[in-house]
Structures are given as C-alpha cells and as structure tokens.
Amino acid sequence: MAADREERRFAEVSRDSVKLMAESAGLELGDEVAALLAEDVCYRLREAAQSSAQFMRHAKRKKLTVDDFNKALRWSNVEAICGYGAQDAMLFRSVKEGELFFVEDRDINLIELALATNIPKGCAETMVRANVAYLDGKGNVGPQGTVPAAVQSLSDDLLKYYQQITRAILGEDPHLMKVALQDLQSNSKIAALLPYFVYVISGVKSVSHDLEQLNRLLHMVKSLVQNPYLYLGSYVRSLVSSVMYCILEPLAASINPLNDHWTLRDYAALLLSHIFWTHGDLVSGLYRQILLSLQKVLSDPVRPLCSHYGAVVGLHALGWKAVERVLFPHLPAYWANLQAVLDDYSVSNAQVKADGHKVYGAILVAVERLLKMKALSLPQPAEGCSSSQPGCLAGPMGYRVSSPGLSPPPEPLAEAGLGIASHLQAGGAGCQWEEWSPVPLPAMYSELYSFFGDSLAVRFSTEQSFGGFSPCTPSHFRETRKEPLGHVSNPDTTRKMPQLTANLNISPRQDGSPRTDPPPPSLAATGSVRSLARSSMQRSRASSSRSGQRSIGLSRDVFPKARFTSPHSGPPTFSFVIGGRQMGRRCQGRRPFQTIFVPTPPPPVVLPRVYTHKLPVIGRVCKPLRRWTRSHYSLHLPL
Amino acid sequence: NESAPQESESNQIVSCSKIHIPSNHLGGFNRSNANDGRLLSSSPGAGTGGTATGNNKPAPGPPEEQQTLLAVLQFLKKSKLAESAEILRREAGLPEDALDPKGTDASGSGPGLAAGSGQVDGVDASSLLSRVTVSSSAAAQAPKKAAAGEDQPDVSVVLSAYSQQGDPSLYDAYYSGLKRFIESVLDCHRAELSQLFYPLFVHMYLELVYNNNESVAKAFFEKFSGDQECYYEQDLRILSSLTKKEHMKGNETLLDFRTSKFVLRISRDSYQLLKRHLQERQNNQIWNIIQEHLYIDIFDGMPRSKSQIDAMSGSLAGEARREANKAKVFYGLLKEPEIELPLDDEDEEAENEEGKPKKKKPKKDSMGSKSKKQDPNAPLQTRIPLPELKDSDKLDKIMYMKESTKRIRLGSDNLPSICFYTFLNAYQGLTAVDVTDDSSLIAGGFADSTVRVWSVTPKKLRKVKSAADLNLIDKESDDVLERIMDEKTASELKILYGHSGPVYGISFSPDRNYLLSSSEDGTIRLWSLQTFTCLVGYKGHNYPVWDTQFSPYGYYFVSGGHDRVARLWATDHYQPLRIFAGHLADITCTRFHPNSNYVATGSSDRTIRLWDVLNGNCVRIFTGHKGPIHALAFSPNGKFLASGATDGRVLLWDIGHGLMVGELKGHTDTIYSLRFSRDGEILASGSMDNTVRLWDAMKAFDDLETDDFTAATGHIHLQDNSQELLLGTYMTKSTPVLHLHFTRRNLLLAAGAYNP
C-alpha cells in the first residue's frame, strides 16, 4: 500500500537512464553517483514542473505547455529547452535492440521550406465578438436561425441544411427565401427535421409584431404542407395552431393601422383550409376543434374586430358548411355588436369602424357563398320548389365551388364534374357535431337579407351573368327563376374560373381617380368582378372589364338593386386600379377606406337600399401576398 | 565540508520593516529574492558566499557551537556592542578575523565588516552570518515597534532551526503518542488539538530530512501523511518530493515553514490539556517544536467546532492571528466631489421635456444630501493625496450620473442580462482582459506579449496626429480636441507591442487615457491610449508580475508578482511609493479598495491581505481558502470583499470586522473573475469551468448578524446556504470566463477566449 502510493506519487528517472545519459555525454558514472544524481534530477524536475504550473495558471489555461516549463526553467537560471514548442504531438519511438526510446526528430530541409510556394495563409485575425448570451438572466437568446439545443443531435448535413434553410427563410434575401421554400416543398429527405421546423414555426407567437416574419413562417408552413414526401402526422395540430394564431390573435402588428395584417389573416385562413383539406384526416376531430375555436372567438365580444375578422375568414375558408354551422347561427347575436360599431360616427371611432367594415365585408362574402352553395346543394330536381326564392339562384359555377379553394394553383375545370361539396363532406367527415339543424334556404336568405339588405341581393343578381357560361346547367336555372339574364352574350365564357363574386364592390369614389364614376358604375363593376374571387393569378383583367357590360339590364325584379348596374359604367378596370394602388403602397393601409366612410353610410339594415350604395368597399379588395401574385387584385379568399 | 551542487544559490532572508514578519525568501534555483531595495540589497555577490545554513555535520558538535558563537558575535557587532563582542571573542578564543571576511559578502549590510576573500571553510559561517544579520536587524527594530517584537524570530530560534534533535527513531513514537492523546480527549477539544497534526508533522518530517535521516523521514511520511487534512494535499505533495537536505535550500514552501510561525487558534482549555499532557510525558521534542515553530493564539471560551476550524484554516501559515485583524479600517467611501449638472442637459431634454425643471431639483438634492453626510467609516478625504479632477473627469462623472439614473435595479428576481465578448482566433493565448468603466473599450493581454485594444462602440480608435501635423492645427478652434486626432489611423483594434513575455495583468485608467499592463518580463508598462505608444516601463519586480490595477481615482496603481511583494506606484514615479511585503508566496491578484486608501492582495499562500496605502501596514489577513487566490472584488460600498480561488469557492469577507461572512460553493474550477453589480446586489463569478454564476449578495450580507462576541473572537458560524444564494448558472460555449464587468446600467459583460 505504502509502496503503491509512493509509486503513484511521481515518475522517477532511473539510475540506468542517468548512466546512459552520462555515457552519451562521454562520462563514466559509478552506481552510487548515478543513484544520487537520479534522485536529484527527479527532484529538480518535479520542482520545475511545480513552478511551471503557476505559469499555466496565470495564463488561464488547463493544459501545461512546453512554454510554461521553459519559463520555469528560465526563472531558475536553467537554459530553456528549445525545439519542443510545436503544437503537434511529438513522436516517441523506440529501438528494439537497444531498448532505446527517443523523440523522433526529423531533418527539415530548409531550402525546400524557404522556396515553398504553398505558403500557409496564417490564422484569422484575433477579434472580439459580442453576443447577448442571456437576457434578464433567462434563456439563451440566439440570433434567428440559431439551433435549438436538441437539434444538435442531428447529423452534420441535416444540421447545416436546417440552419441554411431557416436562415434563408427568415433572412433578408427574398430570392434566397424563394429557393429555400421551393426546396422545402420538394425535398424528400428532411423528415428528420420536421419537428424542428415545426418548432421554428411555433415561433410565430414571438414575432407577432413583425408581419414580414409571420408571413415567412406561414410560407414555411405552406411548403411543408405541400411537400409530398413529408408525413406530418400529429404535427398537423401544431401547424394548425400556429396558423390559427395568425388568423385569430390580435397580433401586435395590428396595433399600427398601417400594417396590413388583414392580408396575413386572409392568407393564413387560406392556408388553414389547405392544411385541413389535405391533411385533416391525420388528426381526428381537428375540424371540430378548429370550428370550436373559431366559434369561441366569434362569440366573444371582448375580442377585437380583427380577431372576429379572422374567425369569419377562417370559417369562410373552411367551406360553406362551416359558415352555415357556425357563422350563421351566431350572426344575429354578432350583428348587434357590429351594428353598434358601424353606427358610431364619432371620429374617435373611425378606426374601429373601419375594422368593423372589414368584418362586415367578410361576413357578407361568407354568407353569400353560403347561400349560393346552399342553393346549389339542393337537389337539382327540387329546384322547382325554390323557384320563387330569390335566394336559390345558385349558378352553375357551383360545381367548381365545391372544390374548397385551396392553394393558388388553378383548379382544373375537370373538377366541375364532381359532386357538390364533395370535399367538404369528406373533409368534415366524422366531424358532425352538435345538434345542428340546417335552416332551409329561404329562411336563411330572408334572415340574411334582413341584415344585409340589398347589398346581398345585388351580388346575387349579378351573379347570374355567368350562370350562362356553364353550358350544362343553363336553361333550367333561368326558367326557375325567370331570370332574364341567363345567357347573355357571355363574354365570361372566356374566363376559366367562374366564381362567386367575392368582394369587389369597390366604390369608384374611393380611389379618387379621375375616372371614378358615381355609384351605379360601381355596381356594374361589382358584377363584372365577381369572377375574380379566385385568389390565384388567373383572373384576367380584360375579361372582367368586358363582363361589366354584360350585366346591363339583366337585373331581375327581385333584386331591384341590379338596376343600378349601368351598362356603360366605366370599365371595371378602374376599380382594380384603386385596389392595386391601395395595396401596392401597403403602408398606406386602410386610410382611404376610412376617410370615405366617415361621411357616408347610413345604417345598413334599416335602409338596405341606400346602404348598398354606400357600402362600396366592404369586400376585401387587396392583394393577398405581394409575392404570390402580381395581380393587385387577387382576392385571396378563394371561393 | 562538501559543497553541494547548487552552492551558488543564494540564501537570503529579507525582512521588511514595513511589516513585521520577516519574509524569508530563497530563490528556486538561484533565484534571489523579494528584495525591496531598501532594507537589504541583494547584491549579486551575496549568492556566492552562501550555502546551506548550518552545515553538513551529522551531529551537533564543537563546530556547531562555534557557529553559534560567531552568530552571537555578529549580532553584538551589529548592535554596536563592540566591547561585549570583543570580550566574547576573547573568551571564546576565536580568531580576530573570524567573522570579518564574509560579512559583506553575505549581507552587504554590515557596515563594520570588511570584505574578505571567500574561503571554503568559511562558508558555513558566512551563511550563518547572513542569517544572523537579518535576524539582528529585525531584532534591532523590535524595540522601536513594540507590536513588531513578538513577530520576529529571535536569534536563538533561527540558530537552532532543526539542529537539535532527538533520536530519529523516536519521532514516530512521539507523533503517534500525541495522536493517541488527541484522539482520546473529549470531542470538543479534539477538533482544536487536531490542528496541531499538520504543522507538527511537517516540522518533524523536515527535521528528519534536515538531519539526513532520509529513510526514517520517508517512513514517517508514509505513515502519517494520510492523516492530514485534504486541503493540505498540495503542500504535502511538494513535501513528499523532498527527501534530501540539499533540496531544502531552494524550496520555498519549506522556507516559509521554517521562517514563519504556523499560527493556530486554540481555546485555553484545550491548550492546558495539551500542555499538561506534554509535560507529563516529558515529550520535549514536540514541545520544542511547538515553542519554536508554532504560534498558538490562545483564547478564552468555548472551543471551536471542526467546521469552524476548517473554514478558517488552509493557508500556508495557519490562521491569521487575531490581532492581525484588529486594526481599524476606514472602509467607507470618499465623498464624491459635487458637480453641478449642467442646465442645458441635452439628454434630459430628449427624455422628458415638460418635467425638466422638476426633475433637476430632486436630483441635485439627492446628490447633495448623499455627499454631505460623511460616512463615519470613511477615511479623511485627504488621507492620501488624490489627483484633482480635470474638466474631462467632471464630464465623465456627469455621464456616469446620467447613466446611473437609467440603471436597472437588480435583485434575485431581476437578474442581469449577460453579454459575452468572445475573443476569437486567440491562438496566441488570451491571458488577461479589462473593460473600461464606461464599457467602451476592451483590452486583452496575450501570451505572445502583445496587448490589444478594441473599441466596442462604433467610435473607432484614433491616434493623435504627429507633432508636425499638430502645428498646423488652429488651436483656438472649438473642436480642437477633435482636430488633433488623425482620422487616417481610425481602426477598431490597436496592438501595443513592447513586452517580452506574456501579459498577465491589464488595467485601464479611470479616465481611459492610459492602460497598464504587467508581464512575465518583470515590467509594468504604461500605455497612452491617445498615441497608442508606451510611455513608461516600471521596473522593480524582477520576476513575473502577475497582476496590476489602477486606483479608482487614477494616478496610483498597484502591482504584485512572483517576488511576493506588492508595490504601490504612482504613474509619475519610476520607483514604487510603497512596498507591501508579507505574503509567503506569489501575489496572484491585486485590487484597490473603492476609496483608494487600501489595497487587497491575494496570494498563492492562500491568504488575502489588506494593506493600508498610507503607511504600508498590513491591516487584515484573511485565511480560509484552500488554494491560490485568483480573483478579488470589493463590494461597491467598500464594506465587503469577495475572493475566488482555485478551489472553486468564493469567500465573502467583512472588512470592518475582519471576518469571513460567507462561502459560495458551486464552481468546479478556478475562479478567475469576480464582480459586484453597480449597486452591490448581485455578485457575479466567472470561472475556468466555463460558467458565469450569479449570487445573491444582498441576501448574503443582509443575513449577517455580527455580534460583539463573534467580532471579538473571530469565531464564525457559516451557514451552508450556497444553493439559496446561487441565483443562476450560465454556461458559455467552451469559453472560460476571464473577466466580468457590470456596465453603468448593470448589464453584465463577460469576456473570454473561445477554446475549442
């Protein structure tokens, strides 16, 4: 035991070594001398090691270097040992025959070294870099794109990919972002990274002040969702909740009226429906959950209007059944609140009121489609029964509507052959919830009419214009409704995507452009524009302008307002210009709306007719996402 | 008399009159000494004469006695007792020239001794003489300074060092006898008496080695080294490697043992117990060692517990004596000069327009009221002369006050944000870091002898124009200060070349005009941050200078190094103003008290000393660390001191009472950096273990109840509450934390070199 300890205490230089060393220096040593010397050498070595340790400590290192040892020697008046300062490990070799151990010391050809052409560059310059490591003593605050700790367990390649992608998407360069998103959409090998991307996306809550970042994150969602190689599994839930956040939360960004958070909400809603339709089956009960949360927001009067707006567009994006089930029943209650907002003409209320009009517009669009779809969904043979109903004017385009307007890519016409709302049902499968009794269409229409009055009607009336376009359904519709319009010279046929009008009752007034016409033209415009609803790019300006004329004089009696559509109203283009302009300068946000509203509108319900005229802007007219489409007009609510 | 291989080693004993503990300093291999250049000059020749004290004779005999006689003779001569000396010489039958020849060689301080040729047979005598000389000089001072007297080893002690001995084979029995006794006493005494083990063990071992009983010594070591407290492990390792008398000469640890008395604090009861036991057993050997090499500080009252003892022990020379910490320390802060805040305060304008007049008043009042009240514990404003404030200093003070108003109030629930300055590509080795008080500049000292200064604000570093260019400047213009700067030289980084060894210490002057760096080359350099050139090289430490720091008021600075002394300098003097000697090993870190009247030094002897700048006295000795101390920090109110060491512990000290008041455990490696937040609520510690830890200093100091008894006896009761006080542990990425700094707004800056 004692011997053990002694041995462990320190290395010793043996007598024989000393003798050998002496021999190499040409000296003969007796055993006794060698033993004494050996002991002394050991002691001196230990002493030098001891004092070199303090040089190490003061250099704030944990590793003792040759340099430290040399310093200790120097201060003990012993010559330093040169030639061992290299960072590389020394090769320690032995020669078997002589039992010799030595450090390999190769000759170095200095000439070669001096004339070498591959001169090393030298190391990078010493620099100081500051980074905030901990904020308020909490958490690691990394710059965007830094890696959450858990990711570090990934392979290097994946890690790099992750970093590059997140940086590109959240970074400044739009082109890079596009590339990154494209890759994210098509890369087949990133399944392992999915949780981390989902984690990044869940960061929406921390950037609610930054529309741009929110937008980017939503794009990321879209790419992930569209990636055919990814199985989202239960991450759908997380993605949906991030998207819902964007739709429903009163984002910090919306405090500033100049921020166009409406577009964001619209886009998020679109995305929500997309996720739902494509991946909704992965999580049971998702549909119900979404509807519940939307309903909760809608029925909560304390929430700001922008949240309500989000709920409405969200419902709308989920399809008319969702609207019917949630929005419609809540409308009476909600209407009162909205009414109060819209009726308040005080200046201080202007902002809120403008928001209110947004909601109004969104509701209008939603219920219109509801009505239309409802009408369409009625079995065709039964149409007779609804003949007298002004509401049952479902156009032939109903077929197409069935596809729950998802992503920008155009819906193939071929889909027209599908059963109505087939997607809807499929998507909503298993989600039948609550006692919910469908309201018959007529009742629904009359109720809605009581809210919206003619503004509802006008839209329907104009719609008929493209009823004609669809060759398969034309005649009986007209017959049932005794509609004059029907097959008017139908320029619309050119259009690929007949759609519900959504939003475009743009008042010419509002744009302040010289070409503005009085209200009637605006109506004409609306009529013509309805086809634009599709969010994607395919809307053609030209066709819509042509359509304007079509509606002339076609108005049915039932929809008195239709009269206003003046055949010669200015080409609808102007309205686009307006919209485009507003949206183009996005920072100007909604100011124009606001200014216009203040003087004009009387309460809508009381005087439906008047109201319709005065409510030109209600629908959302805006460009959904700058990058997405060039068209200023894209409504981004696909109908 | 064989001459050992290292015959040329000098063996010098330096005693400094400033402090009253002689510091016996032997150079490692021929390293000469902590020479302060005042009391003893270390003449190069001194080395040639001295070999080992005593001689190599195995047993005491006539020559030994002759030596003693010579020593006494020398002493008499030195004390100018010529007649007595003559009588003694005659009576002893010594030759007239017996001691003359080597006197000068050995000490150079014996004016009466004529130089002579060194002779082989005189070697013993001369080395002895040198020791005597020192001792006598110390003794000579004793009467003058009463307090000093008892600290001085008297002549006989030095002379008899290890020379008298009993039977080597009995040492084992003596020690085990004592061990048995101590183990058999009552519990309450056992802890106290156990303190005796270590010093006794070391001295007995050394005696054995000294008297060439190598094998016995080894056996003794084997048998009993395991009993010693674990915190002495390092010293024991050194001890174990030492088995030859010849090796003792150069070994510093041993010298410390031989020349300084190991201090123990024992209650009177325990002491009586011990004394009775030793007398009964006639155990003279141990008794002698206790008498000669130990200092037993006896106190009345309850014996201390084991934990109490452990908390305070661990230093190289035992605990501090109680009276060492009795001196009054003026730890209060100096009155801040009253500075009118300028009325056209653009900052305030920007911040609150309507409240301007209102705000001004209370602020001024609060300033005024604070400064009017003189802290009873503060030193007189003029106790040491301080530089006058320049206009630029006043501006800076105003900036400081403004910033202070925006300071974040920290606390246990409001922790500071940490910003880390990482030195990248520092392959040459980062050894020291400092940040200016306003956090605008950061400087690094590197192992490649360079000092690099970075600007961490957008403002770049510029040099002053050359003299020729300066002549062209319109000196009347308002922006002359701007015009003198050479825009072409603007850069983020300036490198200062000049040292010829690693730069271990670095410090900005408070006015940011100067930078100090201390290096392994033994010099301290003063650099101008206007011209980025070296202004002065202060030479004095002849050995590596481990640390240096500017006084908070500028002008003065302190340095400490391998030569075991700390020096106080003024920038305009090339020689030190004060020399603080007393540490038994390297001074590893130095720090100024916020009031600039005191200097704290931490050392490898595991003690911290507080020195009075005014008179150079050591006013506090803090023991309790179990490893070399590498970090010190005064609390902003000047009342407390925090220290960090290689043992990974932070200890907190109450300066006024001279007591340890807290122990913060958590770090797993050497603590290189300590800093209090600006208001003193948080203590941050940075360590080699790549973490920054934050401690609740408020709580640590608030919970204190220093009663009179504790203050009087120095018995402390430490609660083990490190975990409660630890507010957070913050990892870096493979970066040891070398420096910490709280900005004026209480953002914590940390710095270190990335070490992949």
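Guide: Let's begin in chain B, where strand β25 (residues 640–645) runs antiparallel to β24(B) and five bridges join them. Strands are DSSP runs of E with at least two residues, while helices are runs of H or I with at least four, all numbered from the N terminus. Two strands pair when DSSP finds at least two bridges between them.

Visitor: Before we go on, how should I read the labels and values?

Guide: This is a predicted model, where local features need pLDDT of at least 70, side-chain atom pairs count only at pLDDT 80 or more, and totals for chains, interfaces and linings use all residues. Residues are numbered from 1 along each chain as its sequence is written, chains are lettered from A and ligands numbered from 1 in the order in which they are written, and side-chain values use heavy atoms, with hydrogens and water left out.

Visitor: What about β29(B), is it mostly covered or uncovered?

Guide: Mostly covered: six of the six residues in β29(B), 682–687, are buried. In a regular strand, side chains alternate between the two faces of the sheet. In β29(B), I682(B), A684(B) and G686(B) sit on one side, with L683(B), S685(B) and S687(B) on the other, and all of them are buried.

Visitor: So what does β29(B) pair with?

Guide: There are two partners to look at. With β28(B), residues 671–676, β29(B) pairs in the antiparallel sense over five bridges, and S673(B) has G686(B) as its bridge partner.

Visitor: Which residues have a positive phi although they are not a glycine?

Guide: R512(B) is one of them, with a phi of about 65 degrees. R512(B) lies in the loop between β12 (503–508) and β13 (514–519) of chain B, and its 21% relative accessibility makes it partly exposed. Another is R606(B), at about 70 degrees, in the loop between β21 (598–603) and β22 (607–612) of chain B. R606(B) is buried, with a relative accessible area of 3%.

Visitor: Switching topic: which strands form an open sheet?

Guide: One open sheet in chain B has four antiparallel strands in the order β16-β17-β18-β19. Its edge strands are β16 (545–550) and β19 (578–581), each pairing on one side only. Five bridges join β16(B) to β17(B), residues 556–561, and T548(B) has S559(B) as its bridge partner.

Visitor: What's chain A like?

Guide: Chain A comes to 26 helices and four strands. Of its 639 residues, 53% count as buried.

Visitor: How many residues of chain A are in contact with chain B?

Guide: There are 42 residues of chain A in contact with 62 residues of chain B, where contact means heavy atoms within 4.5 Å. The area buried between the two chains is about 4,800 Å², and carbon and sulfur atoms give 53% of that area. Buried area is the accessible area (1.4 Å probe) that two parts lose on being put together, summed over both. On the chain A side, H58(A), K60(A) and W75(A) lose the most area to chain B, together 16% of what that side buries.

Conventions
Buried < 20%, exposed > 50% of the residue type's maximum accessible area, 1.4 Å probe, protein only.
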